[in-house]
Amino acid sequence: MNTQSLHGIFPSPVCIVNRDLELSSKEYKDIEDVIEEGMHPNPSNLSSINKDIFNSKLKGIKQFCEQQIKIYVEEVINPKEEIEVYITQSWLNITKPGKDHHEHFHSNSIISGVFYISVEEDDKISFVDPNGKTKNLIKIESKEFNTWNSTLWYFPINTNELVLFPSWLTHLVEPNKKATKDRISISFNTFVKGNLGCKISSTELILK
């Protein structure tokens, strides 16, 4: 009897974790203050003028995100040398009912994240397969989509939830036509300090 073994290789690591603590009145006030500071209009949503909100506000959420980044780094990158992955920029997003967030990735960052302040049923984040164009050079229609044949994959998201992913992974938000209130989230980017590469192989880079 023939036995077939199917394996997934080179996956894109997306982490989703819920924060046990509910948002406090102080955190909601911090969100209101960021909005009052000003919001910048994008093609289909709004982002805060303040691009460093974790520097002065939302310390508890920042600490939670930093804890989860550390776990992600240990499990996914599993660095040989001691490194520090730190948050570089952080900003607030508002998506109005029926609006979307364009397809994009995050430059000058290693790991990016989104923490959800307010979402509704059917809200989700979608990711685009970086090899999608290559896979579709020969297009065979599928009876149903799965992780092997899809070039777009989405995850449902919830209030008080964090999503971490490689910054190079293209993502988007499709319109939620059932939404009746604003979708509010915090996005952030990261970079690294420490010893990268190896001196023997001429790849050493020391970042302080």
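## Before we start

Because the model is predicted, local features need pLDDT of at least 70 and side-chain atom pairs count only at pLDDT 80 or more, while totals for chains, interfaces and linings use all residues. Residues are numbered from 1 along each chain as its sequence is written, and side-chain values use heavy atoms, with hydrogens and water left out.

## The chain as a whole

Let's begin with the big picture. The chain holds three helices and 12 strands; helices (H or I, at least four residues) and strands (E, at least two) are DSSP runs, numbered from the N terminus. Along the principal axes, the C-alpha atoms fill a box of roughly 65 × 50 × 30 Å.

Of the 208 residues in the chain, 39% are buried. Here, buried means under 20% relative accessible area, exposed means over 50%, and partly exposed lies in between (1.4 Å probe, protein chains only). The chain exposes about 13,400 Å², with carbon and sulfur atoms supplying 53% of that area; accessible areas come from the Shrake-Rupley method with a 1.4 Å probe, and for residues only the protein chains shown count as cover. Contacts (heavy atoms within 4.5 Å) tell us about the fold too: among those between residues at least 6 apart in sequence, 84% join residues at least 24 apart.

## The nonpolar cores

In soluble globular proteins, nonpolar side chains tend to be buried together. A nonpolar core is a set of buried Ala, Val, Leu, Ile, Met, Phe, Trp, Tyr and Cys residues joined through side-chain atoms within 4.5 Å. The largest one in this model has 27 residues, and F54 and I186 touch the most other members. Two or more residues of this core come from each of α1 (25-37), α2 (59-77), β4, β6, β9 (161-166) and β11. The top contributor is α2, with six residues.

Which residues does F54 touch, not counting those up to four places away in sequence? They are K59, I61, K62, C65, I87, S90, I186 and F188.

## Two pockets

Rolling a probe the size of a water molecule over the atoms shows where empty space is left. On a 1 Å grid over the protein atoms alone, a cavity is a set of points where a 1.4 Å probe fits but cannot get out, whereas a pocket is an open set with protein on both sides within 12 Å along at least five of seven lines; lining residues have an atom within 4 Å of a point. Grid points are joined across faces, edges and corners, and a volume is the space filled by probe spheres set on the points.

The largest pocket contains about 660 Å³ of space. Its lining has 20 residues, with P11, S12, D129, K135 and T147 nearest the centre. By class, 12 are nonpolar, six polar and two charged; Ala, Val, Leu, Ile, Met, Phe, Trp, Tyr, Cys and Pro count as nonpolar, Asp, Glu, Lys and Arg as charged, and the others, Gly among them, as polar. The largest share of this lining, three residues, comes from β8. The second largest pocket has about 360 Å³ of space. Among the 21 residues lining the second largest pocket, W91, N93, H101, H104 and S187 are closest to its centre. This lining divides into seven nonpolar, 12 polar and two charged residues, and β4 gives the most, with four residues.

## One cavity

How many cavities of 30 Å³ or more are there? The count comes to one, and the space inside the largest cavity is about 60 Å³. Its lining includes T95, K96, D123, E174 and R183. By class, that lining has three nonpolar, three polar and six charged residues.

## Three residues to look at

I77 sits in helix α2 and is partly exposed, with a relative accessible area of 41%. Leaving aside neighbours within four places in sequence, I77 is in contact with Y72 and I111.

N78 lies in the loop between α2 and β4 and has a phi near 50 degrees, a positive value in a residue other than glycine. N78 is exposed, at 54% relative accessible area. D122, in the loop between β6 and β7, also is not a glycine and has a positive phi of about 80 degrees. D122 is partly exposed, at 37% relative accessible area.
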